[in-house]
Amino acid sequence: MRQKTMQSNYAINTCHIIANQQLQDSVRMSAGLALKNSLAKSQSCIGILADQRTKHVLKSSILPLLATKPKSVANIISQLVATMATIDIPLGEADDIVTTLVDNITQRHHPSNVKQIALQTIGYICESMQPELLSTHQKNALLTAIIDGSRREQLDVEVKIAAIKSLYNSLEFIRDNFEISMERDFIIKVICDAATPSTCSTVELQVAAYECLNKVASLYYEKLEDYMTSTLYNLTLNGMAQTLDQSIVLLSIEFWSTICDIEITRKKEVGYIYIYKYDKITNITPMFSFADKLIISMIPTLFNLLIKEHDKAEHDDEWDIPKAASNCLSLLAACCKELVVPPLIRFIEKNLLTTDHVHWNQKEAAITAFGSILNGPSKIKMKPLIEQILSTILACIKDPNVHVRVAASWTLTEIIKESSLVLDQPATLHGIMSSIKDGLGDSNQKVSQTACVAIIHCAEKLKPSSSKLIDTGPLSRYTHSIVTCLLNNSKTFDLQDDLYMQTLYEAIAAIVKHCRKDCDDVVELVTDNMLTRLEIVYLVETQMSNSFSVNDVIPLQSSLIGVLLSCVYRLPDKMAAYSDRIMRLFFSILFLSQQECNKSMSVLLEDIYLLTSAMIVSIGTRFECFVDKLVPHITNLLLPAANQDHRLCLIGIGIISDLCCTIPTIAKPHASLFMQLLLDNLGNQDLHRDLKPVSLSCFGDVAHTLGPEFLPFVNVLMMTIQQAGNLQANQNDGEMVVYVDTIRVAIIEAFVGMLQGLSQNAYTRDVFLPHVNGFMLFVNSLVKDNIRSDALNQAILGLLG
């Protein structure tokens, strides 16, 4: 009671400070923010506003202050009133706030600053509330006020801007109004009027209106048919063509990107329905094919927007008009398929495939346009066009202008990714690989990085169709030279450019992963190189100056380990020769990690433990000399703790499985410890749910390793299995259904491991036999369940076999 009294007194006293116009604005603003934050923290019936007297005092003092003159103070009061509204609206006690806001906007005698703050407050309320909490009456009242502030007769442009921004936040609240054609017509008209340039308009107002329009397209696509061809198309096309402000152009492009996104999704839905031949097609969302109908007149504008005006340096993180146009073209192609091809050919012929002199920006635009549309049309139909233009694009990778080289290398990457049929021709592949090598040697890092991405896609597209290692392949003749280029480019340990270095090493890893037998010497070269670099980096790490920290080299270490991991998977038979160096690094990095514990280090530890797991599987019994030193580290990973890193714990459990399955005789002395760690982990109340199935499955590996010596653990594990087997899923919860299915697979794997281990001895087999009958009843219940995954079916068949 005393606390409530103190809260009330605090709120009322703070309210008096806010209302005191004799005080400095900064003091009143600080008081307003403090009261707003206190209300937001306390909330509803248990908070400051629970006391009706206090609420009355606050409202009667604060609501009139929405008309206060200094805008900085009024902005804080606006936030405060919005917070009060979000608390009172669910309680049905906000009519006075809504009435005040509406009156402040609609009453003609109020000055523009009062209208602006009221509209701003409505925007805050709508932004922070669920639509269903407002009554229909309140929604209509607020919409009426917003429309009043944004009508054409409103001469104060600042009021209009506030109204349009408020309308943007309220769009989700007015679904019922959008169902009424007369009201919808008026809302769309208000937005379009605000977006149209006029003598009494400003760029800020137009930008706010276009933002509103894009949100309308996203929320109410099915209501746009009556407005698209007559109004919205012309408005957005003019928006793309205007030069007053980049924001308007970007928003106009975004409008069509949104339309294409929606239509791509709806075309897929229609295709799905057609494939499965539903007899009764009901509740299908309408799809008007706006993009298909308007592409012919719209796509030339997008092509022209690709043409840059200035030869300025590019920044990857800068979203500009050419990038937005390229993205929109890509969506347009995915939506309209072959319809983009004829205008594309005309644009390319004019700006690239011509004997006339063309400026660099025209050439760049044509190349970018081609790369942008490759994800849409049929691959087979595009193949002749690609073959026709490919030689020109390859030549442009050596163009004097860097923008053209960047565009050409990016488009080449898109061709490889989207139309890999061109890689089937040896002569074409030779030209592509030569150009990629040119790109790797380019002085511009962006060209070089894009060439790395092209290598990754080449390796992926030309990988063997089966897991069986093949003697040679299309990339074999280029592998050594490409890897040499990549290793040379990555010699300098640039700690300031993680992304570029990461892409370089990803390209090396991709080549190693997919190369053929005749490239084994390249894999050995890379293995030795990566180990040498890791050793150098570790040495640098231990002698780090104050200007750098361990975190600065972690991304580089992760990249190096990633490549090394690919080498271990690709060439397991040769890894024994490197095992001492690899495991020495492993234990050194683990030692260093004890001094630096953070998220980046956690990622590095994941990488290094995954490498260790791969080494166990690769070298088998030759890993024996490292086991005793490794087990304490695995123990630390699995120790139950509130701050346990579940990802590292997952890998630790995986390593236990690897040890038990790969080198069971060597793992056997530690198997009882593993068993206890797993049991303790399952008893941890804070255990991450992803750890439960892998722990259960791992029990089976440990049981198989211990054999008859697993008998003391049988009863406790069977009890654990029974508890896990009782878990049921709500069939309406898809995620839970999948999780329970995974648990059941793990239970069967654990039981199979016990069965195999205990069957090695006649006595333990007979002792275990009673558990078999009970478990088969559980399996029988699973068989009767109609909802089973393929993995569960395979596990059941494996058990029966």
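**Notes on the predicted model**

1. Serine 289 is buried, its relative accessible area being 16%. Keep in mind that this is a predicted model. The residue sits in the loop between α13 (246–276) and α14 (290–305). Have a look at its backbone too: phi of serine 289 is near 55 degrees, a positive value in a residue other than glycine. For context, most residues other than glycine have a negative phi.

2. Lysine 337 also deserves a glance, as its phi is positive, about 55 degrees, although it is not a glycine. You'll find lysine 337 in the loop between α15 (321–336) and α16 (341–351). Its relative accessible area is 38%, so lysine 337 counts as partly exposed.

3. On to histidine 670, which lies in helix α30 (residues 664–682). With 14% relative accessibility, histidine 670 is buried, because the cut-off for that is under 20%. Its side chain makes a polar contact with the side chain of aspartate 628, at 3.0 Å. Leaving out residues up to four places away in sequence, histidine 670 touches Val627, Asp628 and Val631.

4. Last, a helix pair. The axes of α10 (residues 181–195) and α11 (residues 203–219) come within 7 Å and cross at roughly 140 degrees, and the crossing is left-handed. On the α10 side, Ile188, Ile191, Ala194 and Ala195 take part; they meet Leu205, Gln206, Ala209, Tyr210, Cys212, Leu213 and Val216 of α11. Sorted by class, this contact has ten nonpolar residues, one polar and no charged ones.

Key:
Residues numbered from 1 in each chain as written. Predicted model: local features only at pLDDT ≥ 70, side-chain atom pairs only at ≥ 80, totals over all residues. Heavy atoms only, no water. Axes fitted to C-alpha atoms, helices over the stretch in contact; angles between N-to-C directions. Helix = DSSP H or I, 4+ residues; strand = E, 2+ residues; numbered from the N terminus. Left-handed = near helix turned anticlockwise from the far one by under 90°. Contact = heavy atoms within 4.5 Å. Nonpolar A, V, L, I, M, F, W, Y, C, P; charged D, E, K, R; others polar. Buried < 20%, exposed > 50% of the residue type's maximum accessible area, 1.4 Å probe, protein only. Polar contact = N/O pair within 3.5 Å; in protein donor to acceptor, adjacent residues only side chain to side chain.
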